[in-house]
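Here's a walk through one structure, written for someone who likes cut-offs spelled out. Have the sequence and the 3D view open as you read.

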Amino acid sequence: MSGQRDRIELRGLTVRGNHGVFDFEKREGQDFVIDVTLHTSVSRAAASDDIVDTIHYGELAEDVAHIVEDNTFDLIETLGSTIADHCLTLAEYVEVVVHKPGAPIERSFNDVSVTVNRSRNDAEVSATPPGGVVGGTAPGEHEAYLNLGANLGDAADTLDQAVAALDRHPKITVQRQSSLYRTAPWGGVEQNDFLNLGLIVTTSLPAAELLAVAQGIEVACGRTRELRWGPRTLDIDLIRFVTDNGEVVLDTEALTLPHPRAHERAFVLAPWAELDENVEILTPTGPQPIAAVLAELGDQEITRIPAP
């Protein structure tokens, strides 16, 4: 932002749109509330007192409204990013907040929102953790392994919706999908068995943004995070992320890669082994073939469900 302090703000723009994972959201629509902050110099406009030297906030409101009205996205993350891309034609640094006050969540809540910050000079900054491989932002397509699970409601249908939502994202392609697996719950909480499946996807998103998309789909499907290892309407875990520079190794508050407990969980490894029998899994004693790691978890209850 180069120390720029001036900004133009448009807040509380309410527009009817048809965005959401569920069919009824696309069919019936709902109100979205948009906040836009443009960081730009107003010095020239202040000196000339001429509207041609500033950003016309009336035109901005119309442009943003048309983006909401004229598109249909599964995720408000995609909607926010699309609005931000437009706003970058007007300012060097922008912040866009998309509020979804009518989100289909079966709990009392005030608001659901996604904040997107974008700069014309955005560059992915990566670092190599001690002992790790480059944690990455190589250009082009990256490959990731995702594990999905659910044990509330119609779990199989929820998983189908989640896979479709991921594949509809303009920067994510589902390359391979495993069978469904019925697995015993993890963590000692008394609850129904889970249904799990694995996905190998390609994406041009960095790992953190892929996780954000996954979490947006969780929220859209009614996910709450009240009890660790408790029942889940939908759970999407990012297990592995590979760029042209190699496997991403990352340890932040929001994301650890590779997933630090994947080697302990048959419900993660069994679908993965179906998709890639040659992959090696990071364990405390070093990388090992997935078949060998899975064999050591033979006491965990997991059953492959034959395709109908």
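Which residue of β14 does Thr-283 stand opposite? Thr-283 faces Gly-286 in β14. Before going further, some ground rules: this is a predicted model, where local features need pLDDT of at least 70, side-chain atom pairs count only at pLDDT 80 or more, and totals for chains, interfaces and linings use all residues. Residues are numbered from 1 along each chain as its sequence is written, and side-chain values use heavy atoms, with hydrogens and water left out.

**The β13-β14 hairpin**

Helices (H or I, at least four residues) and strands (E, at least two) are DSSP runs, numbered from the N terminus. Strand β13 covers residues 280-283, and a hairpin of two residues links β13 to β14. β13 and β14 (residues 286-289) pair in the antiparallel sense over four bridges; for two strands to pair, DSSP must find at least two bridges between them.

**The four-stranded sheet**

Elsewhere, four strands make an open sheet in the order β1-β2-β3-β4, with antiparallel pairing. β1 (7-17) and β4 stand at the edges with a single partner strand each, so one side of each has no neighbour in the sheet. Neighbouring strands of this sheet are turned by 15° against each other on average, direction ignored; the axes behind such angles are lines fitted to C-alpha atoms (for helices over the stretch in contact), and angles run from 0 to 180 degrees between N-to-C directions. β1 and β2 pair over nine bridges, in the antiparallel sense, and Leu-10 stands opposite Val-36 in β2.

**Asp-35 in β2**

Asp-35 sits in strand β2 (residues 30-39) and counts as buried because its relative accessibility is 11%. The side chain of Asp-35 reaches the backbone nitrogen of Gly-12 at 2.7 Å and makes a polar contact with the side chain of His-99 at 2.8 Å. A polar contact is a pair of N or O atoms within 3.5 Å; within protein, one must be able to donate a hydrogen and the other to accept it, and residues adjacent in sequence count only if both atoms are side-chain atoms. Leaving out residues up to four places away in sequence, Asp-35 touches Leu-10, Arg-11, Gly-12, Glu-95, Val-96, Val-97 and His-99, where contact means heavy atoms within 4.5 Å.

**Helix α4**

Helix α4 (residues 76-87) has twelve residues and reaches 16 Å from its first C-alpha to its last, close to the 16 Å expected at 1.5 Å a residue. That expected span is 1.5 Å times one less than the number of residues. α4 is mostly covered, with nine of its twelve residues buried; among them are Ile-76, Leu-79, Ile-83 and Cys-87. The buried residues of α4 pack against β2, α3 (57-70), β3 (93-99), β4 (113-119) and α6 (207-220).

**Salt bridges**

The whole structure holds eleven salt bridges, each a side-chain nitrogen of Lys or Arg within 4 Å of a carboxyl oxygen of Asp or Glu. Three of them are below.

| Pair | N to O distance |
|---|---|
| Glu-9 and Arg-7 | 2.6 Å |
| Lys-26 and Asp-74 | 2.5 Å |
| Arg-44 and Asp-53 | 3.3 Å |

Lys-26 lies in helix α1 (residues 23-28) and Asp-74 in the loop between α3 and α4, so the pair ties together parts that are 48 residues apart in sequence. Lys-26 is partly exposed at 24% relative accessibility, whereas Asp-74 is buried at 10%. As for the other pair, Arg-44 is exposed at 62% and Asp-53 partly exposed at 22%. Salt bridges that share partners also join Arg-7, Glu-9, Arg-11 and Asp-35 into one network.

Most residues other than glycine have a negative phi, and most peptide bonds are trans. Asp-49 has a positive phi of about 55° although it is not a glycine. Asp-49 lies in the loop between α2 (43-48) and α3 and is exposed, with a relative accessible area of 73%. The peptide bond from Leu-257 to Pro-258 is cis, with omega near -10°, and Pro-258 lies in the loop between β12 (256-257) and α7 (266-275).

How values were computed: Buried < 20%, exposed > 50% of the residue type's maximum accessible area, 1.4 Å probe, protein only.
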